Amino acid sequence: MEDSGKQVINFAAGPSKLPRAVLLQAQKELLDYKGLGISVLEMSHRSADFVKIINTAENDLRELLKIPENYKVIFLQGGGTGQFSAVPLNLIGLKEEKCADYVVTGAWSANAAKEAEKYGKVNIVHSKLDAYNSKNLFFGCGHLASPLHLS
């Protein structure tokens with residue numbers, strides 16, 4: 001990676017600045033992941049090497065975010081807006097009540113809640129219009145909620 005000396009910082013929504021060491025490691029492993037002779041971009045998602053990558057990522061997420069074992073971690077392709085319908089379409093219908101709690105913190109989560117209304121009852125736990133005060137949180141679906149959406 002040639003060093004132009006120029007350091008640009010991206011403050012836009014979506015991708016963010018990565019540490020240089022991470023970029024250099026990704027560059028090095030792009031053509032030959034961990035000496036396997038293949039790029040991770042070319043690996044079968046069913047291969048033992050790729051399964052190891054996913055399992056490590058899940059374990060790291062569980063540790064970092066303290067996700068209990070009785071919760072599932074799913075890795076989904078597509079952009080965030082693609083998941084606005086995919087998640088409720090697949091998860092709200094898990095219970096007869098078809099209910100989901102949504103924490104609305106801004107424009108993106110408001111869009112997600114609006115899209116989810118097509119698939120079931122959406123309870124806005126916290127609206128971006130409310131004061132950020134934990135006393136305002138009300139999980140209306142309670143145990144009936146299939147997903148809790150927080151973004």
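Axes here are lines fitted to C-alpha atoms, for helices over the stretch in contact, and angles run from 0 to 180 degrees between N-to-C directions. Helices (H or I, at least four residues) and strands (E, at least two) are DSSP runs, numbered from the N terminus. The model is predicted, so to speak of a local feature takes pLDDT of at least 70 and a side-chain atom pair counts only at pLDDT 80 or more, while totals for chains, interfaces and linings use all residues. Residues are numbered from 1 along each chain as its sequence is written, and side-chain values use heavy atoms, with hydrogens and water left out.

**Exercise 1.** Describe how α3 and α4 pack.

*Step 1.* Two packed helices are described by the angle between their axes and the distance between the axes. For α3 (residues 80-91) and α4 (residues 107-116), that's about 40° and 9 Å.

*Step 2.* Now name the arrangement. Angles under 35 degrees count as roughly parallel, over 145 as roughly antiparallel, 65 to 115 as roughly perpendicular and the rest as oblique. α3 and α4 are therefore oblique to each other.

*Step 3.* Who touches whom? Contact means heavy atoms within 4.5 Å. From α3 come Thr81, Phe84, Ser85 and Pro88, and from α4 come Trp108, Asn111, Ala112, Glu115 and Ala116.

*Step 4.* Sort these residues by type. Ala, Val, Leu, Ile, Met, Phe, Trp, Tyr, Cys and Pro count as nonpolar, Asp, Glu, Lys and Arg as charged, and the others, Gly among them, as polar. The α3–α4 contact then splits into five nonpolar, three polar and one charged.

**Exercise 2.** Find the buried residues of α4 and say where around the axis they sit.

*Step 1.* Buried means under 20% relative accessible area, exposed over 50%, partly exposed in between (1.4 Å probe, protein chains only). In α4, Ser109, Ala112, Ala113 and Ala116 are buried.

*Step 2.* They span an arc (taken from the directions from the helix axis to the C-beta atoms) of only 95°, so they lie on the same side of α4.

**Exercise 3.** Is Glu58 buried or exposed, and what does Glu58 contact?

*Step 1.* Glu58 belongs to helix α2. With 19% relative accessibility, Glu58 counts as buried.

*Step 2.* Skip the neighbours within four places in sequence, and Glu58 is in contact with Val73 and Phe75.

**Exercise 4.** Look at the positive phi values of Lys34 and Lys66.

*Step 1.* Lys34 sits in the loop between α1 (20-30) and α2 (48-65), with phi near 50°. Lys34 is exposed, at 53% relative accessible area.

*Step 2.* Lys66 is in the loop between α2 and α3, with phi near 55°. Lys66 is exposed at 70%.
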